[in-house]
Amino acid sequence: MTRRQCDLKQLAIENIIVAGLVFFAAVLPRTLLPSAGTSQIAVLWPAAGVGLAAALLLGWRITPGIFLPFALSGLLADFPWVYGVLSPLGLCVAVMACALLLRKAGFDPGLKSIKDIVSLAFGSVTLMGAAGFWSANCLLLAGKLSPAGLGTVSVFFASAYAGGAMVVTPALLLIASGRLSPSRIGSQNLKLGVAQLGLVLLSTWIVFSSGDNQPAGLSLAAYLPFPFVLWAALSGGMAMGSLAILCATFFAAYYTGSGLGPFAGEGALGGILQLQAFIGILSATGLLIGSGTESLWRERRLQSEAAVRKAELERLKAQVNPHFLFNCLTAIHSLIRTDGMAAEEGLTSLSSLLRKSLDVAKHPLIPLGEELEIIRETLRLQKMRFEEGLEWSVAADNEAETFRVPPMLLQPLVENAVKHGVCDGFGRVDVTAVVNAGDLLVKVRNTAPEGCDPAGWGESVGLASVRARVEESCPAGSGVEFSKTPDGWIQALVRIKPVV
């Protein structure tokens, strides 16, 4: 089977699955309310939400899977064929246009931010609402609606489409992203979520299952499920908040469509407007609070990860500093018996060096120039130990001097270069730093005896700490490489990417 055939097969499967889901959602209101008659307009039409979710996830190629079930459900409801074609066509155009505009605006189908929720709500109300007015005019064109009833029926259609999109689309997008799976929610949260959904259903049933002969103004009682929806969103984030909204709105729509509940006594237009306000307030508030809860979770997780990384960096620094101090004291100790004056100067230099090291260690990043000053002091101390046997140089261009690096990062490399570079009392260590294509390149080179292999150096305490600190505190792409040059020098190359 060719790649094109595989693509066509995949496309056909996607359209068939979407068509089945859209058709089921389209006929669901009529199935639940058979006594309303085939021409009854549903107070909440979930098919619009299913179609919008499919368009957001799969794009324009899913158009047949949206339009055909829209048209088929209208024809099966005994509407005229003119309406059965034009109304689904307008709704399909609105769905695809809404998906296109949301993607252009940077909409994330995973609903990762409050901006995504606001964009989805705005698109649902405007474009889905416009499709509702189009459908009412198509009904007028088909001769099934008088001009006097156009305004009321337009509101009915617009509310049904917009409500279906606001309620169903977020739930489907969360399912597609895997955030509504039991494993993602967790067993403890799942048990709490089930209890919360039970309270949402119970409170909605209490309010909406009663008759329509309620005192005026009692429609505020419809918001009894509101605190339970908020509780679900606060404790379970978007996942449980979306499920709670879905349960509350479907129960409310079912009983309102059956002529029950606090909105049934408000008249046809008043009842649908109140129900739409109920759906809008419940959906927007629940989703926004759920998104805010997840943002708080992400912030706490990032803070926890940052604390772990900081502790790890402190541990790495703690490994390097005693190692560095031991090497300096060893260098001074070797001078005590042979040159007391040099040893005294060495202690003074060590004191100054430690003071600088403590100062720079307080900051996460310092200019490379400050790091190089510490390295120069270190090499001067080593020079006292080896006298004429050690030659060294430290050089950096102006741009490299200001490049910010973690403090004491290069120190173990220089100590390692001295350790392996001075053979039989003689050797040389060179440190150079340049900025190339935005990256800082630091080379620490030293002479080495024959047979010296740098491959295993990375496992030592100091060099392993350098490698780990580069990985932990420098941008991706940074690293340390050890190699042996053709002329017999050993080289440690540190590459640090700039912070974006």
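Trainee: Which residues in helix 12 meet helix 14?

Mentor: This is a predicted model, to be clear. From helix 12, Glu-371, Ile-374, Ile-375, Thr-378, Leu-379, Gln-382 and Phe-386 take part. Across from them in helix 14 sit Gln-411, Val-414 and Val-418.

Trainee: And by class, how many are nonpolar, polar and charged?

Mentor: The contact of helix 12 with helix 14 has 6 nonpolar, 3 polar and 1 charged residues.

Trainee: Why does spacing of three or four places keep turning up in helices?

Mentor: An α-helix has 3.6 residues a turn, so residues three or four places apart point the same way.

Trainee: At what angle do helix 12 and helix 14 pack?

Mentor: About 25°, with the axes 10 Å apart. That angle is under 35 degrees, so helix 12 and helix 14 count as roughly parallel.

Trainee: Is the crossing left-handed or right-handed?

Mentor: Right-handed, for helix 12 and helix 14.

Trainee: What span should helix 12 have, at 1.5 Å a residue?

Mentor: Helix 12 covers residues 368-386, which is 19 residues, so it should span 27 Å. Its end C-alpha atoms are 26 Å apart, which agrees.

Trainee: What follows helix 12?

Mentor: Glu-387, with a positive phi near 55°.

Trainee: Switching topic. How many salt bridges are there?

Mentor: The count comes to 8. One of them pairs Glu-294 with Arg-179, with the closest N and O atoms 2.2 Å apart.

Trainee: Where do those two sit in the chain?

Mentor: In distant parts, 115 residues apart. Glu-294 is in helix 10 (residues 268-336). Arg-179 is in the loop between helix 6 (150-176) and helix 7 (182-185).

How values were computed. Residues are numbered from 1 along each chain as its sequence is written. This is a predicted model: local features need pLDDT of at least 70, side-chain atom pairs count only at pLDDT 80 or more; totals for chains, interfaces and linings use all residues. Side-chain values use heavy atoms; hydrogens and water are left out. Helices (H or I, at least four residues) and strands (E, at least two) are DSSP runs, numbered from the N terminus. The expected span of a helix is 1.5 Å times one less than its number of residues. Axes are lines fitted to C-alpha atoms, for helices over the stretch in contact, and angles run from 0 to 180 degrees between N-to-C directions. Angles under 35 degrees count as roughly parallel, over 145 as roughly antiparallel, 65 to 115 as roughly perpendicular and the rest as oblique. A crossing is left-handed if the near helix is turned anticlockwise from the far one by less than a right angle, and right-handed if clockwise. Contact means heavy atoms within 4.5 Å. Ala, Val, Leu, Ile, Met, Phe, Trp, Tyr, Cys and Pro count as nonpolar, Asp, Glu, Lys and Arg as charged, and the others, Gly among them, as polar. A salt bridge is a side-chain nitrogen of Lys or Arg within 4 Å of a carboxyl oxygen of Asp or Glu.
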